[in-house]
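Here are a few notes to go with the structure, for when you open it up. They cover a pocket first, then some ring contacts.

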Amino acid sequence: MNAFQYRRGELHCEGVPLRRLAEEFGTPLYVYSQGHIAGQYGDLHKALRSLDHLICFAVKANSNLAVLRALAEAGTGFDIVSGGELYRVAQAGGDPRKCVFSGVGKTRDEIEYALKLGIYMFNVESEPELRRISEVARCMGRRAPIAIRVNPGVDPDTHHYISTGKHESKFGISLREALDVYRQAARLDGIKIRGVQMHIGSQITKTAPFVLAIRKLLRLIEQVRGIAPRTLQSFDMGGGLGIRYRDERPPTAVEFARAVMPHLKAMGLRILLEPGRFIVGNGGVLVTRVVHIKRTPVKRFVIVDAAMNDLIRPSLYGSYHEIIPVTAKAARRKITADVVGPVCESGDFLAQERRLAAVGENALLAVMSAGAYGMVMASNYNARPRPAEVMVKGSRYELVRRRESVKDLVSGETIPSWLM
Ligand code: LLP
């Protein structure tokens with residue numbers, strides 16, 4: 001489903017013109033299509049239907065309660081990386097028993113909270129963490145279900161900041177050491193071996209790295225079955241499915257399933273996936289208004305009211321996000337410009353040397369593919385209140401997070417008594 005399309009010259013999200021939303025809720029504004037999000041989940045779920053599987057949406061990609069609720073309703077589980085994300089899932093009505101807990105630095109409090117809520121399993125990233133989880137579980141008179149995140153040493157051919165399965169990465173336990181750690185796990189009173197997990201990186205646009213990584217783990221999985229024949233239930237293959245930002249040709253859900261299924265079926269385990277970007281990436285845009293156009297002797301800048309604090313991906317990874325006018329009329333003449341925000345950093349840009357529609361002051365622009373790793377990475381840098389978020393379903397829409405106010409910016413801060 002392409003949720004964002006021009007109708008009668010106006011860019012819509014499903015049945016709602018973005019102009020109307022910008023006028024009603026102001027800019028910068030994140031707008032999400034529930035249809036797209038549910039559709040992406042549905043496509044993947046359907047493509048994998050001949051396998052016993054569970055899709056655990058990676059909450060880090062977009063943790064808005066409305067998004068989580070829409071997915072929980074559709075039947076997903078969740079991949080969480082903090083107590084905060086688990087709290088969000090619970091608030092949204094998600095099922096903790098369908099949650100996997102990833103991340104290299106889980107604290108005692110977080111482990112205890114996750115055990116209390118009864119999550120499906122912890123994806124363990126190191127031996128000290130395994131011991132800590134066991135200890136916390138034992139104190140609670142429980143056994144914590146775990147998988148070990150195994151680093152298969154595969155290069156997923158993506159940006160190095162989001163590539164996690166190579167040998168030098170901080171994530172997971174190497175394939176060489178994994179069996180030994182599983183043997184230790186089997187001896188710990190507070191641990192129950194439930195799965196094997198991997199996650200090799202993000203925005204992966206080919207199937208080959210997934211297939212290679214799975215094949216590298218097959219022998220280990222058999223060995224773990226030997227260690228924990230009664231409790232081993234799942235193989236969790238992580239997330240990382242790429243999307244189209246510009247001209248990438250990532251596999252569709254069906255192509256992806258076709259490539260990995262033969263290897264997965266033979267395992268006879270329940271298969272877990274942790275997609276984030278694939279589900280929400282192209283289901284959201286950031287709508288921004290042009291403040292004015294600035295010309296210097298060598299460049300033209302389109303200065304907009306959204307900045308790196310609202311969407312950091314271009315500044316942080318040099319990511320490409322398409323930028324199109326909300327009104328197609330503006331689209332005929334083209335200019336080359338940098339699209340920049342008001343933040344005081346040269347690194348504050350949404351696009352550089354970009355051919356785009358010749359828009360003028362006050363025009364509305366849509367920064368596309370902003371549904372994943374957009375709002376969740378927003379900050380208050382330069383004391384900028386964070387944007388509002390709206391969810392659209394057909395011709396209905398609702399504010400799902402109000403815009404922050406300047407009061408919100410200082411709430412929680414106090415001036416020490418000696419300065420009063
Ligand atoms: N599972 C684990 C253990 C992860 O670390 C991640 C992402 C995912 C699943 C979901 O990956 P996805 O399906 O969304 O590719 N901020 C970066 C992306 C960081 C990804 C971190 N881990 C960006 O904006 O590109």
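1. The lining of the largest pocket is made up of 14 nonpolar, nine polar and five charged residues. Keep in mind that this is a predicted model.

2. That largest pocket holds about 690 Å³ of space. It has 28 lining residues, and the closest to the centre are Met 1, Asn 2, His 36, Arg 244 and Asn 282. Strand E1 (4–7), helix H2 (34–47), helix H9 (253–265) and strand E14 (284–295) are the elements that each give two or more residues to the lining.

3. Where does the largest pocket lie? Domain 1 (4–32 + 281–409) and domain 2 (103–273) both contribute lining residues, so the pocket sits between them.

4. On to the rings: there are four aromatic pairs. One of them is Tyr 30 with Tyr 32, whose ring centres are 6.2 Å apart with planes at 20 degrees, so they count as stacked. Both Tyr 30 and Tyr 32 are buried.

5. Phe 210 and Phe 256 are another pair; their centres are 5.2 Å apart and their planes meet at 80 degrees, so this one is edge-to-face. Phe 210 belongs to helix H8 (residues 208–227) and Phe 256 to helix H9, so the pair ties together parts 46 residues apart in sequence. Phe 210 is buried, at 2% relative accessibility, and Phe 256 is buried too, at 0%.

6. Lys 106 lies over the face of Phe 101, 5.7 Å from the ring centre, and Arg 270 lies over the face of Tyr 120, at 5.3 Å from the ring centre.

Terms used: Residues numbered from 1 in each chain as written. Predicted model: local features only at pLDDT ≥ 70, side-chain atom pairs only at ≥ 80, totals over all residues. Heavy atoms only, no water. 1 Å grid on protein atoms, 1.4 Å probe; cavity = no way out; pocket = protein on both sides within 12 Å on 5 of 7 lines; lining within 4 Å. Points joined across faces, edges and corners; volume = space filled by probe spheres on them. Helix = DSSP H or I, 4+ residues; strand = E, 2+ residues; numbered from the N terminus. Nonpolar A, V, L, I, M, F, W, Y, C, P; charged D, E, K, R; others polar. Domains from an automatic or database assignment. Phe/Tyr/Trp six-rings, centres within 6.5 Å; stacked < 30°, edge-to-face > 60°. Buried < 20%, exposed > 50% of the residue type's maximum accessible area, 1.4 Å probe, protein only. Lys NZ or Arg CZ within 6 Å of the ring centre and 35° of its normal.
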